[in-house]
Structures are given as C-alpha cells and as structure tokens.
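Open the structure in your viewer and keep the selection tool at hand. Each stop below says what to select and what is there.

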Amino acid sequence: MIKIRKYLTVFYTVLFMIIFCMILFIDKNIEYANKNNCDVSNIVLLIVGIIITVIVVIGYYRYFACYLQKRNKKECYFLLITANIVLFFIQLYIFKNIYFESNWDCGMLAEVSEGLAYHNYDINFGFSGDYFSRYPNNVWLTFVLTVIKKVNIWIGLETPYFATVLTGIAGVNLSVFFLTLIVNELTKDRQCSALAWIMAAVYLGLSPWCSIPYSDIFSMYFTVWIFYLYVRRNYAKYALLRWFFITLLSFIGYQIKPTVIIVWIAILIYQILSV
C-alpha cells in the first residue's frame, strides 16, 4: 500500500505539472466560445506572481519572523484572529467598490433567489425551471442565496445582492483562517503557517473572484473545513462524530458544487492506502 501511495503521488505530481505547462503555454492558443482575450501573456503573469511572492517572503523573514518566533501559542492565535479581522475589513472596502451584478449562471441564480426573497413570482420561472433541470446542483445554492437575501430584508436592509457578496467574502476569510490552521497542523512550524496565511490572504482573500457570489466561492469553505476536520482527527475525543461532520459537510458541499466530493474521495483513498 505504501508503494502504491508513492506511485500515486508521483503520478499526480507529473500530471499537474503537465496541466500547469499546458495552461502556461497553450491556453491562449485555444479558441472557445466567448473567449476573453488578455493582452498580457500567462508567462508574464507568472513572473509577476513569482516576484510578488519573493517580495512577500523576503519581507516576512526580514521584519516579522523573529517577532512571531518569540510569541507563545495563545499570542499567535490572537495575532491570527486579529489579522483575519483586518483582512475582512480590507476585503469589505475593496469588494464594496468593485462588485457588480454578474450575468450567466450567477445572474440566473441572483434573479431567482431575489424573486423568492421578495415573494415576487413574476420572474421567468419557465426559463429558470428549464435551467435548473439542466443544472440541478444550483438548486441548493439558490436556496442558500434566498435565505441570505431574506435575512437581509428581515433586518431592514435593501442590499440583497451585496449581502450574498458579503457572505461569500466572509466565508473566504474563514477559509484563510482554517487553511492556516491546517498548515500549522501538518508542519508544526509557525513560519510556514504565517507564510501560508500571507499567501492565502493575497491570492485567495483579495482575489477579485470573491466578488462573484457563485458556487466557486460558496464551496471553498466546505473543502477547507472538511480537510481541517480530517487533519485534526487524531485529537478528536469523539472520532465518530468528527467523521460524521466530514461526511455531512462533503454532502452539503457536493450539493452546492459537485467537485467538493473530491476531497472526501481523496481522504477515503488515503485511509484505504494507509491500512
């Protein structure tokens, strides 16, 4: 089983390197519907990303690493929570100023959920009914968006769409928080954990994609929570309860975005190969 695990590790490492190279060198040469051409090449974007990453890492080790090393566990948790609160207000300011009401699938879900939230049944349910018969996984997400908008209306606010954006960025913020805890659990290294937080904050927390209230954003914290529960399984007083929540979160996440189930499948395969 250990040999099989090693072979699978090598196989998927090579596979993802091939996919990465295809995205880097071939992607823009492929024609497809509604292609959005970018004047900047993928290689230039990669170089910019590497430069930003190097600057962040150097800055961290020069100005912050020593300070963090002297802090105890309680102080580190306090710093992490404080950093996430600051990150949330930065997210709030940025996305409040850049968000827009998207079209396509997100637009359909926004229209239907808002109609349900306001009990306005004049929307084109005939078309949306056909849409949901083709994309049934979006039924759950529509329900989630409807609940968010109903709460928004109930507390007297008239910003139902932005309420869904706000919920999405709050979830991404929590994902950054738990992702840091996952790295800390796996590496037992504060430096790696702090760098993981910085990278996640920059590339996930501040990604413009967070302003689109769709399944990509709402499924993110399910994958992170599932993996967090898994890496903490050895500390669980009630192990069966923890596995129950892993399965439950996998099921709910699957209903919102089917790819979430991949995490559960990966955990299952790893457990089998570890026997």
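**First stop: helix α7**

Select helix α7 (residues 138–154): at 1.5 Å a residue, its 17 residues should span 24 Å, and its end C-alpha atoms are 24 Å apart, which agrees. The expected span of a helix is 1.5 Å times one less than its number of residues. Helices (H or I, at least four residues) and strands (E, at least two) are DSSP runs, numbered from the N terminus.

Within α7, colour Asn-138, Leu-141, Thr-142, Leu-145, Thr-146, Ile-148, Lys-149 and Asn-152, which are buried. They cover an arc of only 165° around the axis, so they sit on the same side of α7. The arc is that of the directions from the helix axis to the C-beta atoms. Buried means under 20% relative accessible area, exposed over 50%, and partly exposed in between (1.4 Å probe, protein chains only). Now turn to the other side of α7, where Phe-143 and Trp-154 are exposed. Just after the helix, Gly-156 has a positive phi of about 95°.

A note on what you are looking at: this is a predicted model, in which local features need pLDDT of at least 70 and side-chain atom pairs count only at pLDDT 80 or more, while totals for chains, interfaces and linings use all residues. Residues are numbered from 1 along each chain as its sequence is written, and side-chain values use heavy atoms, with hydrogens and water left out.

**Zoom out: the whole chain**

The protein chain has 13 helices and 0 strands. Of its 275 residues, 34% count as buried. Its accessible surface comes to about 17,400 Å², and 71% of that belongs to carbon and sulfur atoms. Accessible areas come from the Shrake-Rupley method with a 1.4 Å probe; for residues, only the protein chains shown count as cover. Among contacts in the protein chain with a separation of 6 or more, 72% are between residues 24 or more positions apart. Contact means heavy atoms within 4.5 Å.

**Helix α2**

Next, select helix α2 (residues 42–63). Its 22 residues reach 31 Å from the first C-alpha to the last, close to the 32 Å expected at 1.5 Å a residue. Which residues of α2 are buried? They are Asn-42, Gly-49 and Tyr-60. These cover an arc of only 25° around the axis, which puts them on the same side of α2.

**A nonpolar patch**

Switch to a surface view and select Ile-4, Leu-8, Phe-11, Tyr-12, Leu-15, Phe-16, Ile-19, Ile-23, Ile-265 and Ile-269. Together they make a nonpolar surface patch of about 870 Å². Patches are made of residues with over 30% relative accessible area and no salt bridge: like charges are joined within 9 Å, nonpolar side chains (Val, Leu, Ile, Met, Phe, Trp, Tyr) within 5 Å. Helices α1 (2–25) and α13 each supply at least two residues of the patch, and α1 gives the most, with 8 residues. Phe-11 is in helix α1; at 48% relative accessibility, Phe-11 counts as partly exposed.

**Two salt bridges**

How many salt bridges does the structure hold? There are 2. A salt bridge is a side-chain nitrogen of Lys or Arg within 4 Å of a carboxyl oxygen of Asp or Glu.

Start with Lys-257 and Asp-216, whose side chains meet in a salt bridge (3.1 Å, N to O). Lys-257 lies in the loop between α12 (239–256) and α13 (261–273) and Asp-216 in helix α10 (residues 215–218), so the pair ties together parts that are 41 residues apart in sequence. Lys-257 is partly exposed at 22% relative accessibility, and Asp-216 is partly exposed at 26%.

Stay in α10 and select Ser-215. Ser-215 is buried, with a relative accessible area of 2%. Leaving aside its neighbours within four places in sequence, Ser-215 is in contact with Leu-141, Ile-256 and Lys-257.

Then select Lys-188 and Glu-185, which form a salt bridge through their side chains (3.0 Å, N to O). Lys-188 is exposed at 56% relative accessibility, whereas Glu-185 is buried at 12%.

**Last stop: Tyr-228**

Finally, select Tyr-228 in helix α11 (residues 220–231). Is Tyr-228 buried or exposed? At 18% relative accessibility, Tyr-228 counts as buried. Not counting residues up to four places away in sequence, Tyr-228 touches Phe-178, Leu-181 and Ile-182. The C-alpha atoms of Tyr-228 and Glu-185 are separated by 8.8 Å, and the two residues are 43 residues apart along the chain.
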